[in-house]
Amino acid sequence: MEVDACHEVGIKAPIYLTVGWDAFSADRHPEWLERKPDGSLYGFEDYGQLSPGWKTLCFNTPYLDYLKYQIVDTMKHFGSKLDGLFFDIVWQDPCSCNYCIEKMLNLNLDPTNEKDRILFSKITEQFLKDEISQTVRFEDKACPVFFNEGNILPSIRKNLSEYSHLEIESLPSGEWGYQHFPTTVRYAKNLGKEYVGMTGKFHKVWADFGSYKNKAALEYETFLALAHGAKCSIGDQMYPDGTLQRATYELIGSVYRQVEKLEKYNDGSQAVTEIAIVHPGIISDSELKVDLSLAGAVNMLNEKHYQFDIVDQWMDWAKYKLIILPDKIILSEGLKRKIQEYFEKTDGKILATYKSGLDAENTFLPDWGINYLGKNTFVPTYGKYHGLFENHLPNGELVLHGEGLLVSPQGAQVLGDEYRPLFQRNYQHYYSHFQAPVSESKGNPVATSSDRVYYFSHPLFEMYKRQGVLQYKQMINLIVDEALGQPVLKTNMPSSGDIILNHNEERGELILNLLHYIPQRKAIELDTIEEVIPLYNVKIVLSVENISKQINTDIKKIKSVKAVQNNDEIEYRVKDNSLEFVVPEVKGYEIVTLKY
Ligand SMILES: [Zn+2]
């Protein structure tokens, strides 16, 4: 009935199926539940037998047959009215149930070894997606399918062909925070599938009934999706009798009326990017929604309004002028070949921090021009910087909050030296609250540059996400500026804004998205946005020459520059291969289109 009602007004209604949490099955078949090594249950939280909440089912049990039966039944029931299937809770915990133990032993994995259990849980997730996919495809070759894990990481690669599109579940007022979407979308947009940003209408997160997200927050979350070329979706939950709340749909409607007007501008466009951050998920999965080094790198670049992507080693790196290897990119043989290929095919640079560039034997690639000496036992320690950092940093030592490596130059130019504290703080020696003041240098560099590689010995990206020290970002920015020469975009927009530049080849148009919404931590539990704070006279300088190179299209003849919210023509001038103009007002979200 609901599906018919949706179809009558032109709304598609894919069917939602919960996979890992099914209270009906869990009650009747406790032998189908995932088990921890001590036999206790996995759940949404650490639920015991007498607590409310979902318990998690194991996909190596006969539950899988029941699930497949349910999928076929659903597909037959809706028949030609079926618009797609959304499978939720598609993950497996490291399980020690009888079925898993038997399967692990058959694969020569050790159930008593935690690493083997984690590995087997990943194998099970891939197996589950294959099984569901085969079941669906047997019934219907074209039915849209999405598997929801609450994140999109490089581990999606093994099953990517089984997804018809990607949905980025990201409720900033929940565990995702405002960090997750802008990070994940910059990776997901390069996976070659249609992609959707999904937030929720609740003040907090799913099932926060009787709550309404602040309108400014909901605007930001949906407009940021549009700016990144994504479709957008706002989640809600019905009452058990199917009732929807009027106030919720007035709220969603007030935002969707704006989306309706604005969504066409970025449709069918591609991001104009010149920097790539390599996703740390290619080395190992983070236990957090967003790896901290990746988060730090995204924030540093986004706050300075550089145009960048997040990539894995299966994507093409050739178009990027700078590749960033954040903190923990230890090189496999495949990654070494990828880097050599990048050096051979381009004249681009690499910026690496901390362990990035080492191989499994703790040897740096020769292009780094440094030797590994070991871990630095002084934590924190200090750096004094020269070369291109001179006159940009405080004229003195800078504390480095984080464990670094000790390296020695082997051909690389030294851009900064380590200065140790007077002593490493411990129970015998301490000076006030934290690290002891600076002492002497033993001649180990903390920053170097070679022909192709800039290197910092400390995990500056994670350190920026943890500590927010402005100078860490300034150092990275100075390196990025030097590596790029002239970036595709320069602006006086403050770090609280977002700028995303897209290109639509068919329309012969650049689309510049400017957003200014400031998430605040007013509450203990979450960040939110209460009102829009307009910005005025945002200056933009576009490098016409570099944009033309990045998109392989000559855009030297610009015909018009227009701010779409009020359909205002913007005056512009061309000067030395640059196009300069001022956006008079950014009231939350403004789109500027440039016809060429
Ligand atoms: Zn199991």
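Into which domains is the chain divided? There's domain 1 (273-484) and domain 2 (489-595), with bounds that come from an automatic or database domain assignment. Keep in mind that this is a predicted model, where local features need pLDDT of at least 70, side-chain atom pairs count only at pLDDT 80 or more, and totals for chains, interfaces and linings use all residues. Residues are numbered from 1 along each chain as its sequence is written, and side-chain values use heavy atoms, leaving out hydrogens and water.

- Taken over C-alpha atoms, the centres of domain 1 and domain 2 are 30 Å apart.
- Domain 1 puts 9 residues into the contact and domain 2 puts in 12 residues, with contact meaning heavy atoms within 4.5 Å.
- Between them, domain 1 and domain 2 bury about 870 Å², and 38% of that is on carbon and sulfur atoms. Buried area here is the accessible area (1.4 Å probe) that two parts lose on being put together, summed over both.
- Asn302, His305 and Gln307 stand out: they supply 60% of the area that domain 1 buries against domain 2, more than any other three residues.

**The zinc site**
- Four cysteines hold the zinc ion through their SG atoms at 2.3 Å: Cys58, Cys95, Cys97 and Cys100. Donors are N, O and S atoms within 2.8 Å of the metal (3.2 Å for Na, K and Ca), and since water is not among the atoms, sites may look incomplete.
- The site is tetrahedral, with angles of 98 to 118 degrees among the 4 donor atoms; four donors get that label if all angles lie between 85 and 135 degrees.
- Along the sequence, the donors follow the spacing C-x36-C-x1-C-x2-C.
- Cys95 counts as buried because its relative accessibility is 4%, and Cys97 is buried at 4% as well. The cut-offs are under 20% relative accessible area for buried, over 50% for exposed, and partly exposed in between (1.4 Å probe, protein chains only).

**The annotated span**
- An unreviewed UniProt entry places "domain: Beta-galactosidase trimerisation" at residues 301-364; such annotations may be inferred rather than shown by experiment.
- That span is 25% helix and 20% strand, and its end C-alpha atoms lie 25 Å apart. Helices (H or I, at least four residues) and strands (E, at least two) are DSSP runs, numbered from the N terminus.

**Around Pro534**
- Pro534 sits in the loop between strand E21 (509-516) and strand E22 (535-543).
- Pro534 is partly exposed, because its relative accessibility is 26%.
- Leaving aside neighbours within four places in sequence, Pro534 touches Glu585, Val586 and Lys587.

Methods
Four donors count as tetrahedral if all angles lie between 85 and 135 degrees; four count as square planar and six as octahedral if opposite donors are over 155 degrees apart and all others between 65 and 115; anything else is irregular.
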